[in-house]
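This report looks at one helix, its surroundings and some backbone angles. Please keep the sequence and the structure in view while reading.

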Amino acid sequence: MTVKIGISLIAWQNDDLPELTAAFTTEGAMEDAGRIGYMGVERGRRMPADTEGLRAYLDRYGVSLCGGWCSGNLMVNDLATEQDAIRQQVDQFAALNAPCIVYAECSNTIQGDQGTPVSRRPKLTRDEVLAYTAKLSELAKWSADRGTPLAYHHHMGAMVQDAEDIDWLMEGSTPDLHLLYDTGHLHFAGADPLAVLDKWGHRVHHVHFKDVRQPVLDWVHAQDKSFLDGVAAGVYSVPGDPEGCIDFQAITDRLAKMDYKGWIVVEAEQDPAKAPPYEYSKLGFDHIVEICNKSGLTVEQ
């Protein structure tokens, strides 16, 4: 059982709250990630857009492409329109041997609106989600046939956020659609990360490890704050942070039990003035290596 450890550069380059990370460059982030030991990075908006340019950029820093965000609009687009919209990314990720596209519905999300409390996120009915998954399954099959699996990202502020939403998403879709399993978003949404993994582990294709500072999460709920308010206040951190509340050893034990082979990606957006990116990203990497060794998961280096 082998896993690879990757990272999203969001700790250095936050696209939703760029003022937090204005002092950092993507190039510096890439250098830091490689120096720490990360094998891959998820695609960022400030990386080269063309495939060969991106390949050369990744090679320069000695890392692979381990996925990347895709803002979906399938709720408002027909299938052909959505295929046209994401085709370049699908083909690029296939050419660069990325494990998947990280797909999330963004046509109706509030995740990027700092003025809207996360409590006002769109909550669909089961029938509405099932109707959506019919189109989504077709999109996932089309993407996989082109060489890039599609892993759906449940996300705070979005229509697929909590355990119930994930149940409907998975129940209504074909196995062509995979699940991105994100510990921090699950805990933020009030879900039990282990329970979700037990139920849908066979559909998990990609994993994000992020921890949660419970006092900050309690403040978000008590004051009816937005998702980005929580991020700016430090609701998220990396695995291994003593201020975090998630038991990553138990989750990694479960991943080993289900024979998970794939990427574990650190994705923890924080204020770098409070959480220096290199220091915290190294803490996350070292902790994951430690708990994988205890779980019997071999980390490729």
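## What covers helix α8

In this predicted model, the elements that cover the buried residues of helix α8 include α6 (183–188), β8 (211–212) and α9 (227–233). The buried residues themselves are V216, L217 and V220, and they belong to a helix that runs over residues 214–222. When one looks down the axis of α8, these buried residues fall within an arc of 100°, so they line one face of the helix.

Just after α8 comes D224, whose phi is positive, at about 55°, although D224 is not a glycine. This deserves a remark, because most residues other than glycine have a negative phi. D224 is placed in the loop between α8 and α9, and with a relative accessibility of 36% it counts as partly exposed, because that term covers values between 20% and 50%.

Another residue other than glycine with a positive phi is D259, where the angle is near 60°. D259 lies in the loop between α10 (248–257) and β10 (262–266), and its relative accessible area of 35% makes D259 partly exposed.

Note on methods
Residues are numbered from 1 along each chain as its sequence is written. This is a predicted model: local features need pLDDT of at least 70, side-chain atom pairs count only at pLDDT 80 or more; totals for chains, interfaces and linings use all residues. Side-chain values use heavy atoms; hydrogens and water are left out. Buried means under 20% relative accessible area, exposed over 50%, partly exposed in between (1.4 Å probe, protein chains only). Helices (H or I, at least four residues) and strands (E, at least two) are DSSP runs, numbered from the N terminus. The arc is that of the directions from the helix axis to the C-beta atoms. Contact means heavy atoms within 4.5 Å.
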